[in-house]
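Hi everyone, thanks for coming.

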Amino acid sequence: MEDGYQNKTAFIKGAKDIAKEVKRQAGKKVGRGVDKMTDEYSKRSYARFEEDDDDDYPGVPGGQDSGYYRGDSQAANDDEGGHSDSTEGHDEDDEIYEGEYQGIPRADSSKAADSLAGGDGQQFRDMAQFEGERRKDQEELAQQYETILQECGHGKFQWTLYFVLGLALMADGVEIFVVGFVLPSAEKDMCLSEESKGMLGLIVYLGMMVGAFVWGGLADRIGRRQSLLICLSINSVFSFFSSFVQGYSTFLFCRLLSGVGIGGSIPIVFSYYSEFLAQEKRGEHLSWLCMFWMIGGIYASAMAWAIIPHYGWSFQMGSAYQFHSWRVFVLVCAFPSVAAIASLTTMPESPRFFLENGKHDEGWMILKQVHDTNMRAKGHPEKVFSVTTIKTVKQMDELVDMGGDISTLRCYKLKLTSLFHQVRSNFLAIFNPEYRRTTFMMMAVWFTMSFSYYGLTVWFPDMIKYIQKQEYASRTKFFTKERVEHVTFNFTLENQVHHQGQYFNDKFINLKMKSMVFEDSLFEECYFEDITSSRSFFRNCTFISTLFYNTDLFQNRIINSKLVNSTFLHNKEGCLLDFTDDNNAYMIYFVSFLGTLAVLPGNIVSALLMDKIGRLRMLAGSSVISCVSCFFLSFGSTESGMIALLCLFGGISIASWNALDVLTVELYPSDKRTTAFGFLNALCKLAAVLGISIFQSFVGITKAVPILFAAGALAAGSFLALKLPETRGQVLQ
């Protein structure tokens, strides 16, 4: 064995010398081509060393004499030998690992260089051959992996992972609702204009769009678990910061980065969980997992209901720093994400990811853990994991011999550049001829579903608010040409319009004005003290010898008015919370709570029927019923009617989303799964932004346009869904 190691060492050193010489003579382009082919040539040329060494490591899974299962006589993985970078041995003299870049065989090096220098034809043929071998490996792995999952069974391990990943999905559901719930309070706390409120409402979707695309691509390269931990950590950190920052710009920035963090949760969670589920369990249990998004919405609604209206849960340090109850709510909404991080640290990486990346031993150990955990929980600890060798996918070694003097910073830059190119090539691969039609069809279905669903779910609450305002305005009291002298007002004034009134020597002390309007009125020798106003204005009024002490009646409250010998003392600075909107706030939270809870029946039905009727029938059928339900919106003229229609639409459409999530997971291979899911989810958030912006513009104008838009989009989505391939009963690619 010692002689074999010495021969191998001499062989490797000679190959490296030849590689360097080839790169110097053939130039940069040729050198890069040689680097790409180096690993393949090395493996083929010193395969004899591998055959000799296998006998020196008895008992290690993946040896040449072992099969897929104990007792088999034929090897199942001749190309890879079942070894991984982290467990292979090394030469004790030269510290050279077998997983490292090994150079080019001496006999073939000059021919390879000549071929590359003469043209790219040979390289193209080699790459085509490599891709063909890789695809064959993936097909074999998919079949064997399904058999292994059958042996591992479904039990304690999958249910534990279910609740851990459910917390991450719950955090995504919470994120959707946070800004909508805090906006009524935050707009007054931070003096937001209509444009600023609109941007704050959409910024989370923009962040989630970026996050879904970025984290989805990275999860296929650095791992599902690691990517999910990073994105949840970003979400937790910036959610925490956003509860304390005071300025609008910094709050907007924190919510943007919080959205970028949580954006990766949906594509990673579904891909991660699917790789632990056998074929007959996959559709059902992925649908059960969707329930945590609903639980996130219920959690956000309940916390908003319990916390935000309690204005006493606040403190302030002068007028510069204020911490009101809505900031406590933002802080509490970060808890699911923190809990998900703590739980996820106890779970392993996806074994399918390891096997797709040539790491046999790591994948084998995790599958053994799954098997043993389930068997012990079922009372069969004596059952032994019979798999000894698992097929791994052929890898292209892109490492280059960079010499010993390279700096650490330069090394990191090269690694990041390599990672970027890998993610980019993986993204472009989903538009290859093999997946192009599927990708474009899925893009259309995701876009139409998201456009109609998010557009309507935001339009419903806005319509309810509009109906409330109309009803409130119908109760407005009007006073004309009244004359009031020597009267003290120390009670709340609400929902009144005073036109051409005259007020002499009157006092307005310690009161709240809500929706009060004074037009063309005269105030002479009046006194205003400790006034808090909301949607109250003085238009074209005249103030003579009037004193304002500790009020917020200035600037935008007094419009086109004359001030004669009048004084403002100790004005209330900044924007103040509206203490009179308690009932409206409770109604908003209650409506959101009911709308979220209404999806429970749809979740249950979709989970029970997903594996029985198929993904396409579930998706198309739910979309058609949702489309029909849209036409009932024209009958929603009251507040209770709109709430009922909101619950109906949410309960029906959730089945479409569950089917779409399962279908997306199963249509793409494991090495492209989160990349494709992340891209489609990013497109979903873009469609959500467009749908919300368009549907909101028609509130109070017409119902016909939103109804036609939503129904048309759902009809188109259901038609296109039927053109997709059915994945029920298929192994995970």
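Let's start with helix α17, where the buried residues are Val423, Asn426, Phe427 and Ala429. They sit on the same side of α17, because they cover an arc of only 160° around the axis, the arc being that of the directions from the helix axis to the C-beta atoms. Buried, by the way, means under 20% relative accessible area, while exposed is over 50% and partly exposed is in between, using a 1.4 Å probe and protein chains only. And what covers those residues of α17? The cover includes α7 (194-222), α18 (433-473) and α23 (673-696). Contact here means heavy atoms within 4.5 Å.

Before I go on, a word on where this comes from. This is a predicted model, in which local features need pLDDT of at least 70 and side-chain atom pairs count only at pLDDT 80 or more, while totals for chains, interfaces and linings use all residues. Residues are numbered from 1 along each chain as its sequence is written, and side-chain values use heavy atoms, with hydrogens and water left out.

Back to α17 for its length. The helix has 22 residues, 408-429, and at 1.5 Å a residue it should span 32 Å; its end C-alpha atoms are 31 Å apart, which agrees. That expected span is 1.5 Å times one less than the number of residues.

Now zoom out. The chain has 24 helices and 16 strands. These are DSSP runs numbered from the N terminus, with helices being H or I of at least four residues and strands being E of at least two. How much of the chain is buried? Of its 733 residues, 53% are. Also, take the contacts between residues at least 6 apart in sequence: 69% of them join residues at least 24 apart.

Next, helix pairs. Two packed helices are described by the angle between their axes and the distance between the axes. Axes are lines fitted to C-alpha atoms, for helices over the stretch in contact, and angles run from 0 to 180 degrees between N-to-C directions.

Look at α8 (residues 224-242) and α10 (residues 265-274): their axes come within 10 Å and cross at roughly 150°. So α8 and α10 are roughly antiparallel to each other. The cut-offs are under 35 degrees for roughly parallel, over 145 for roughly antiparallel, 65 to 115 for roughly perpendicular, and oblique for the rest. The crossing of α8 past α10 is left-handed, meaning the near helix is turned anticlockwise from the far one by less than a right angle; clockwise would be right-handed. At this meeting place, α8 brings Arg224, Arg225, Ser227, Leu228 and Cys231, and α10 brings Ser265, Ile268, Val269 and Tyr272.

A second pair is α18 with α22 (residues 639-667), packed at about 160° with axes 11 Å apart. They are therefore roughly antiparallel too, and α18 passes α22 in a left-handed crossing.

While we're on α18, find methionine 463 in it. At 5% relative accessibility, this methionine counts as buried. Setting aside residues up to four places away in sequence, Met463 touches Met642, Val699, Gly700 and Lys703. Methionine 463 is also 180 residues from isoleucine 643 in sequence, yet their C-alpha atoms are 9.9 Å apart.

Which residues are buried in helix α14 (residues 335-344)? They are Pro336, Ser337, Ala340, Ile341 and Leu344. Their arc is only 140° around the axis, which puts them on the same side of α14. They pack against α6 (156-189), α8, α10, α12 (291-307) and α13 (325-332).

Over in helix α16 (residues 360-377) we have glutamine 369, which is partly exposed at 35% relative accessible area. Not counting residues up to four places away in sequence, Gln369 touches Phe157 and Pro348. Glutamine 369 and phenylalanine 157 are 212 residues apart in sequence, but 8.6 Å apart C-alpha to C-alpha.

Last stop, two serines. Serine 515 has a positive phi of about 55° although it is not a glycine; its place is in strand β8 (residues 507-519), and at 14% relative accessibility it counts as buried. Serine 545 has a positive phi too, about 50°, and is not a glycine either. You'll find Ser545 in the loop between β12 (542-544) and β13 (547-551), partly exposed at 31% relative accessibility.
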